[in-house]
Structure formats: C-alpha cells, structure tokens
Amino acid sequence: MGIPHLRKHLEPYAQRGAIQPSNLVIDGPALAYHILNLSRIKTIKNSPFEQPTYELLSRTTLEWLDSIRACGLTISRILFDGYLPTSKTDERTKRLIRTSKDLQGFHRKYANGMTQGRPGWNSNRRVVLFPEAQPSHSGVSPPPPAFFIPSIIDTLRQSEHYASQTKVVPGEADVFCAQYVREHGGTVLTSDSDLLVHNLGPNGSVVFFSDIESNPAGTELTGLQFRSADICERLSLQSEDGLSCLAFELIMDPHITLEQAVSKAKSKCSVTAYPGAHKEFIEQYLSPETGSQMSVEASVVLDPRISEIVLRCRDKKPAMYLPFLLDSPTRTSAWESSKDIRQLAYAILQTVTGSPIPTVAEFRRLDQPSAGTPIKVPPISEVEMDAAVLEDVLSTIIKGVKNSKTVWMTLSVYQDVVMTTSQGKVQPLSLKVLQQVVDDKVDTTSWECVHFLAQCQATYYSLRMLQQIMQYAATQGKGLSPALKELQDCLSKLPPLADFPTIFNFPEMLQLIIDKRGLACLTKICADQDDMVPQLEAIMQPKKQQKSNKRKNSQEPEARPRSNNPFALLDAEC
C-alpha cells in the first residue's frame, strides 16, 4: 500500500526509455484504479451521474491492454488480490473510516440532492489511454462504482486474449507479481511502491502506470523503469536487502533525505535499533501471509472479496469486507436488508470447514475503529430450510413476473419490506419510492432514491456471493444437497455485474416493478408482512381521472375506464 516517498527518492536512479518486449506482469487492482482515473478525466467529479459505467470501464481496460500488445509487449499475468493479510487490518480500517467520512462530507454538501450529469455523457464515450497529464482530483466526490474491480475481472475472464493470464490469487497481488518476475524475469506494471521493496531478481523491474507514455503512432511505449539491481549498485546498497533496509528507514522517519536514508540503510541503523518492528515489516515481503487452504482452480470462479471470506472461513473470527456503496449516511447501511442472504452464504461455508462459524464480522460504513458488525451465522442444520425458503420466494417471483429483469428488483423490494417490518417501522423506503414512480414524481438525484438503489445493489451482490460460495462448496467434499441445487438453479439466472442496477438504469428498472404482474406478485409474497398489503394496494390503485372543464356531449356515452388494478389478474398471472 506504499512506502512514504520511496518512489520519489528513487526516480533519479530509474531509467527512462522504451519498454522492451519482455514478460509483463500487471498488478490487477492498480490497473483497475488506473483505468477508473483515466475514465474520470473531464467528468464532473462531484456527480455520480458522470461516474464511468461498468461497460465503459471494461471496454477501456481491453483497449488499454490491446494497445500494450500492439507495441509488441507480452502480457504474461494479470493478478488480483484474493486475500489480504491480517497485518493490513488496521490500514484497511483507517481507509474505510476515511472513505466513510468522505461519503458523509459528500452527503452534507449535497443534502438536498446530487448534481445531475450532462445528458448522454457516458454514451459511447472514448477515453484517452495515455494522456499528457495524469488525472488528479480534490474536493468532495461520491465513491467509485461499487463493483468495478470484479466487473473488470469478469470482462478479462471472458476475453480471448486475457482469460488465461487473469488470476485471483490467494494473497496480495504484488507478492505474486514479484514472485513471477523473480522466477521468470520481466517487468511489473503497478501503482504501488511496495513493489520496489520486493526481491525482483537480477532481471526484474518496475514501471508505474502514471509514467507510461505512447508515441503518436501507438507503436512504442516509454516509461521510467526501476531496476532494483541497478539502483542498488548505483546507491552502493547490498543487492539482497538494500532497498528493503532503505524502505524501512523511510517508514521509521518519512522526513529524512535520501542521502540520510541511504547512510542509515548501509549501517542498518533502524534495523538494529528496532528489530521487532523490522521483523514485522520484512516478513510481509519475505514470508507473506497467504490463504493456502483453497485450490487455485476453485479461485477462478470467485470475486476478490468473496475469495477472501472463503479463505478466512477457518479463522476464529472471519471477516467480510463488503464493497463500499453510495448510500445515505443518515440511514441504516444499505447492506442490512439483504443480510439474510449473506447469512445463508456464510452458513454454507460450514459444509466446507466441517465446523461451526458462529459469526462473521462484516465491514460496511465505519465511523470509528471497530471490529466490524457481527453477523450471526445459522447452524448447518438450518441451511436446508433457509435455502428452501429463499428458493420458494425466488420461484414464486420467477413464475409471477413477465420480465426476467424484474425478478431481482422484486426480491430487493421484498427484502426491504421484511427488514422494515422486523424493525417495527411503518413505511418501507422501497414502497415510498415505488409510489413516487407511480405518481411520476420520482427524483433520481434524491438520497431516498439513491439509498434504495444501494439496497438493490446490495441484494444483487449478496445473491452473487451466495451463488459463488455454492459453486465453490460444490467442488468440495460431498457437494451440494438437493435443496441447494434447486436454489443454485434459480441463481443461474442472476444477471452479470454489467447488468446490475446502477444510477443510470435504475429509473427503467423501477418501471419494470410497477407493471400489473410485478405488483401483484409482490403483494403475494408480502402477504404475511403486517400492514404492508394496504400500502401495496395504494400503489396499485389507478390514478384518479382529472375532471374536464368542458361540457360532455350528453348523446355520447362516457367510455368506461379499463381497470388498472393488478389484483384482478393475481390468480391468473401470479
């Protein structure tokens, strides 16, 4: 996650020149964020409506990689984190708190609604792959699209040119990048100065994404190349541990000059003075923590954060770091309404571990240091029943609605209704938004609408978690029970990440719910939720006809309005 000032100090000792054909190993998370930043150039940064779409990010990623290949370079690996060591917990917590406070600041500044984007801004937009000036941004802005990294991974896995090179590894990506280059030679493309500390071998080098430039013809790439062996030689540092000692000096005192840091590194000043701290620091490079319980083949089907909970399921206190959503800080986390789906997913992991998992600590929004939100995991004896209940609800919805896209949105509304009832509240946010849709008064820039969108996104991704964990469990031990197989069959219809609800397609998806069959089916599955059916009936009532001021022709019979009440179709259609 970066050594203070290390890259800046070593830049004078790097060599600028053409990146020669060799093994290129790409740090996947760094690539995804680089593409995200490129795609944000010239956008209105404080508007979520100008955030790049998943389609744009995926397309730009392929275009960027294709441009690398067009210059005669070989991409050997594209590696993504599938597990982060426990030593990163404090840093991850601080980052989550910082991101949560940024969201609070964004909410305060735009409490009355968010800034609209320019019409059609994201339609068929092209991104400059190698801009002259690197993107920078300051000020309040919404968080990036929640699922952009797994969306990019999905695109790479489906690509003819990059599927075999793309891996979610059981550890930090930079560790596996360094290992590959150390063994095979080549260059790591990254944004993380940690790669400069790793042992890259005599023929390994690092190039940072922001340093890469292309000639006008697009036939040659140049960049600053940091060759560890050459830098150690020029600074008269030992090739084995010179840069790691230098990095440790900067960790202990980020304000010293390079000359001071080199002098201290040669004498191993801080290494001698702080042996315990140095041991902890160097172990993440020499003996990094990885999750070795899961086979590499199984990891192929998992998103990075789902891979991590699978690898941590044998921990005493497993933790799940949920993707960060754009939701309202004044409301309960958008992840809460879909909690029961994730509880089932965690419970299924017990069939793999063979032992109970009492709780999983979920990390969502965070205001202060915390051990996470404890989520009780049902015992393995309840897995069959819970799976059957969810499968029954999904099957009812699938049979009851006419558009497959409506299934998952309907389930999202149902989840919100159930949560609202369990909390003893009166009106679910989902039904309030649906009423606004019916009345043609929905405001997609409002925090009400954005929060309900986040709840829908959480439901979709919780189902994706459940689907992937079941796929993994099916490869272990005895496989899946009949009830889980039936549920798995329902989830096979879950759309890909690119088709998840977003701020761009949400109005269209809301319209799908309020057709006759959709509302009738929703009423049926919510029948056992107290006080909710009257609210649904109110939504389903046809709009009152506005009275005309014109005198009607008494000889012309008044047309009888056709009923819009979906209850009339309930038995036949749901």
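**Sheet, rings and a surface patch**

Tutor: In this predicted model, M320 stands opposite E362 in β10.

Student: Which strand pairs with β10 there, and in what sense?

Tutor: The partner is β9, and the pairing with β10 (residues 359-363) is in the parallel sense, over three bridges.

Student: What is the strand order of the sheet?

Tutor: The order is β9-β10-β11, in an open sheet of three strands with mixed pairing. The edge strands are β9 (319-321) and β11 (373-376), each of which pairs on one side only. On average, neighbouring strands of this sheet are turned by 30° against each other, with direction ignored.

Student: Changing topic: how many aromatic pairs does a search of the whole structure find?

Tutor: The search finds 14 aromatic pairs. One of them joins F147 and F500, with ring centres 5.9 Å apart and planes at 75°.

Student: Why is that pair edge-to-face?

Tutor: The planes of F147 and F500 stand at 75°, and an angle over 60 degrees counts as edge-to-face.

Student: Where do F147 and F500 lie?

Tutor: F147 lies in the loop between α4 (89-109) and α5 (148-157), whereas F500 lies in the loop between α19 (482-491) and α20 (506-513). The pair therefore ties together parts that are 353 residues apart in sequence.

Student: Is F147 buried or exposed?

Tutor: F147 is buried, with a relative accessible area of 1%. F500 also counts as buried, at 0% relative accessibility.

Student: What aromatic pair do F500 and Y460 form?

Tutor: Y460 and F500 form an edge-to-face pair, 5.1 Å centre to centre with 70° between the planes. This pair links distant parts of the chain, 40 residues apart: Y460 is in helix α18 (residues 447-474) and F500 is in the loop between α19 and α20. Y460 is buried, and so is F500.

Student: Which residues make up the aromatic cluster?

Tutor: F147, W335, Y460, Y461 and F500 form one aromatic cluster.

Student: And the surface: which residues form a nonpolar patch there?

Tutor: I251, M252 and Y274 form a nonpolar patch on the surface, and together they have about 260 Å² of accessible area.

Student: Where is Y274 found?

Tutor: Y274 is in the loop between α10 (269-273) and α11 (275-286).

Student: Why does Y274 count as partly exposed?

Tutor: Its relative accessibility is 43%, and partly exposed covers the range between buried, under 20%, and exposed, over 50%.

Definitions and conventions: Residues are numbered from 1 along each chain as its sequence is written. This is a predicted model: local features need pLDDT of at least 70, side-chain atom pairs count only at pLDDT 80 or more; totals for chains, interfaces and linings use all residues. Side-chain values use heavy atoms; hydrogens and water are left out. Patches are made of residues with over 30% relative accessible area and no salt bridge: like charges are joined within 9 Å, nonpolar side chains (Val, Leu, Ile, Met, Phe, Trp, Tyr) within 5 Å. Accessible areas come from the Shrake-Rupley method with a 1.4 Å probe; for residues, only the protein chains shown count as cover. A salt bridge is a side-chain nitrogen of Lys or Arg within 4 Å of a carboxyl oxygen of Asp or Glu. Helices (H or I, at least four residues) and strands (E, at least two) are DSSP runs, numbered from the N terminus. Buried means under 20% relative accessible area, exposed over 50%, partly exposed in between (1.4 Å probe, protein chains only). Two strands pair if DSSP finds at least two bridges between them. Axes are lines fitted to C-alpha atoms, for helices over the stretch in contact, and angles run from 0 to 180 degrees between N-to-C directions. Rings of Phe, Tyr and Trp (its six-membered ring) pair if their centres lie within 6.5 Å; planes under 30 degrees apart count as stacked, over 60 as edge-to-face and the rest as tilted.
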